[in-house]
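This report describes a protein chain in terms of its sheets, its backbone geometry and the interface between its domains. Please consult the sequence and structure shown here alongside the text.

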Amino acid sequence: MKKFYLTTPIYYVNNVPHVGHAYTTLAADVIARYYRFKLGKENVFFITGTDEHGANVAQAAAKHDKSPKEYADIVAPRFMEAWKLLNIRYDFFHRTTDPRHEKIVQEVLSKIYKKGYIYEGIYEGWYCIGCEKFLNITDLVDGKCPLHPTREPVFQKEKNYFLKLKELSKIILKKIKEKEYVILPLKRHNEIVNRLKQGVDDISISRAGVSWGIPVPWDPNQTIYVWIDALLFYYTSIKFLSNHNRFWPPDLQLMAKDILWFHSVIWQAILIALNEKLPKTIFAHGFFTIDGQKMSKSLGNIISPEQLVNKYGVDGARYLLLTAYEFGNDGDLSLSKFTSSYNADLANGLGNLVSRVAKLCETSGFVHEISRRSRKFNKTLATSLEKFNFDKALGYIWKSDINWGLKWLDQEINENKPWQITDKKLLYLKLNLYVENILDIAYNLQPFLPQTAEKIFKQFEEHNIKSQPPLFPRIS
Ligand code: MSP
């Protein structure tokens with residue numbers, strides 16, 4: 001039987017959810033909703049969660065006078081609330097402090113250790129706590145991490161355990177070439193392959209100086225490097241939830257480009273060492289700025305999911321994020337652009353069209369014979385969605401003018417002026433066509449704007465279609 005296992009990154013609990021986290025999780029939700037239609041609900045498994053160990057989280061907790069676990073217990077539910085607010089329907093929310101996860105992570109590490117892929121060594125280098133990784137001297141800009149310029153990198157020299165990444169990377173390169181797993185978009189694939197070809201060093205997978213983590217099973221003075229713990233989250237829930245083995249391996253792993261190396265190389269190395277099947281597709285979308293600037297606390301330009309939902313409504317926020325720029329590329333978000341797109345596409349576009357057709361039906365006394373025909377996703381839209389091209393998929397509903405969609409229907413109404421038609425039979429045929437088209441649009445909107453689709457179904461799957469309050473009130 002077909003199945004679809006889909007993951008988002010797990011977000012650090014040192015931060016409350018922001019629009020960056022929402023962007024990836026929303027994209028995953030759209031894909032999961034689509035595959036639930038295609039394969040059946042029971043055949044889709046969509047997980048997200050929180051990354052709760054490591055120095056980063058421990059420092060944030062200390063700042064708030066909390067233990068790391070107390071702090072994680074406060075922040076993790078904030079992510080669940082944000083996803084609920086955005087109508088994101090995951091199947092499982094996974095936290096890395098779950099004892100079931102911790103136990104399997106230790107078992108996995110012991111297994112890889114016994115197989116000889118892990119050895120003891122000394123690590124020396126600059127560590128960025130913000131990234132939770134060692135940086136090469138060539139990564140530093142003016143001695144600082146370019147992603148976290150306000151947090152001084154720390155020089156560390158300590159005993160660590162190392163994963164034989166150098167040896168495993170040769171197998172990785174071969175598997176990528178043989179398309180055993182695919183890295184998308186192509187430009188990211190090329191970046192990873194080039195970097196692999198340049199050669200990689202073994203990586204340290206434990207920490208001596210970080211106590212907030214899962215102990216290394218054979219050496220409790222060390223904790224497991226937070227990234228190894230976090231990557232294994234994709235695996236552990238499959239193991240500890242009953243009847244979930246059939247979902248392995250992941251069909252799609254989504255993230256932004258910042259963490260692609262971890263996912264396309266280090267994660268695969270662990271799985272190869274474990275002798276497990278590899279994920280099928282790894283997709284790294286781009287990074288966005290806000291009004292041309294990096295989103296950061298110091299600039300005070302962080303947008304929260306709540307802020308978006310309060311202003312544009314749940315489906316408004318979903319639409320604006322999905323259409324802001326092409327998924328996969330870098331882009332820019334701006335609230336003023338959001339407001340104009342909301343008014344143009346949702347208030348004046350979809351909302352207006354729906355109320356226009358409802359009004360025509362109501363005033364003409366049209367009786368809708370509810371069609372029993374089963375609806376399908378439009379092929380072009382489905383193809384775009386399966387390629388994660390949300391903007392294009394939605395554009396097909398909004399902009400297409402071949403016998404379908406918003407633009408076509410608007411033109412059809414303007415040209416045929418149904419309010420002037422006196423022939424009852426002709427009027428019936430026209431209104432029936434419009435209503436069926438609106439219902440088709442609603443069907444296709446389901447993965448993207450589920451509440452709007454439901455509202456339209458409720459309004460139009462009736463014999464006597466009535467006007468309702470606007471779907472998207474205009475805003476200033
Ligand atoms: N905890 C690690 C991931 C471990 S996964 C095994 C982590 N967490 S994070 O909280 O920093 O989240 C990073 C992710 O947040 C990115 O990969 C992306 O999905 C999302 N984004 C954060 N800011 C973003 C933008 N400005 N633009 C696009 N995506 C953004 O890394």
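## Basis of the description

Two strands are taken to pair if DSSP finds at least two bridges between them. Helices (H or I, at least four residues) and strands (E, at least two) are DSSP runs, numbered from the N terminus.

This is a predicted model, in which local features need pLDDT of at least 70 and side-chain atom pairs count only at pLDDT 80 or more, while totals for chains, interfaces and linings use all residues. Residues are numbered from 1 along each chain as its sequence is written, and side-chain values use heavy atoms, with hydrogens and water left out.

An open sheet is formed by three strands in the order 9-11-10, with antiparallel pairing. Two bridges join strand 10 to strand 11 (residues 219–224) in the antiparallel sense, and Pro215 has Thr223 of strand 11 as its bridge partner.

A further open sheet contains four strands in the order 5-4-6-8, and its pairing is also antiparallel. Its edges are strand 5 (133–135) and strand 8 (203–204), each with a single partner strand, so one side of each is left without a neighbour in the sheet. Strand 4 (residues 118–128) and strand 6 (residues 154–163) run antiparallel and are joined by 10 bridges. Tyr119 is partnered in strand 6 by Phe162.

## Backbone geometry in the loops

Most residues other than glycine have a negative phi, and most peptide bonds are trans. The bond joining Leu184 and Pro185 is a cis peptide bond, with omega of about -10 degrees. Pro185 belongs to the loop between strand 7 (182–184) and helix 6.

The loop between helix 8 (233–240) and strand 12 contains Pro249, and the peptide bond from Trp248 to Pro249 is cis, with omega near 0 degrees. Asn243 is also found in the loop between helix 8 and strand 12. Although Asn243 is not a glycine, its phi is positive, at about 60 degrees.

## Domains and their interface

The domain assignment divides the protein chain into domain 1 (4–286) and domain 2 (313–460); such bounds come from an automatic or database assignment. The domain centres, taken over C-alpha atoms, are 39 Å apart. Contact (heavy atoms within 4.5 Å) links 27 residues of domain 1 with 23 residues of domain 2. Buried area is the accessible area (1.4 Å probe) that two parts lose on being put together, summed over both. Between domain 1 and domain 2 this area is about 2,300 Å², and carbon and sulfur atoms give 70% of it.

Three salt bridges are counted between domain 1 and domain 2, a salt bridge being a side-chain nitrogen of Lys or Arg within 4 Å of a carboxyl oxygen of Asp or Glu. The side chains of Asp29 and Arg318 form a salt bridge with an N to O distance of 2.7 Å. On the side of domain 1 that touches domain 2, the elements giving two or more residues are helix 1 (19–39), helix 6 (186–197), strand 12 (252–256) and strand 13 (281–285). Helix 1 supplies the largest share of that side, 12 residues.
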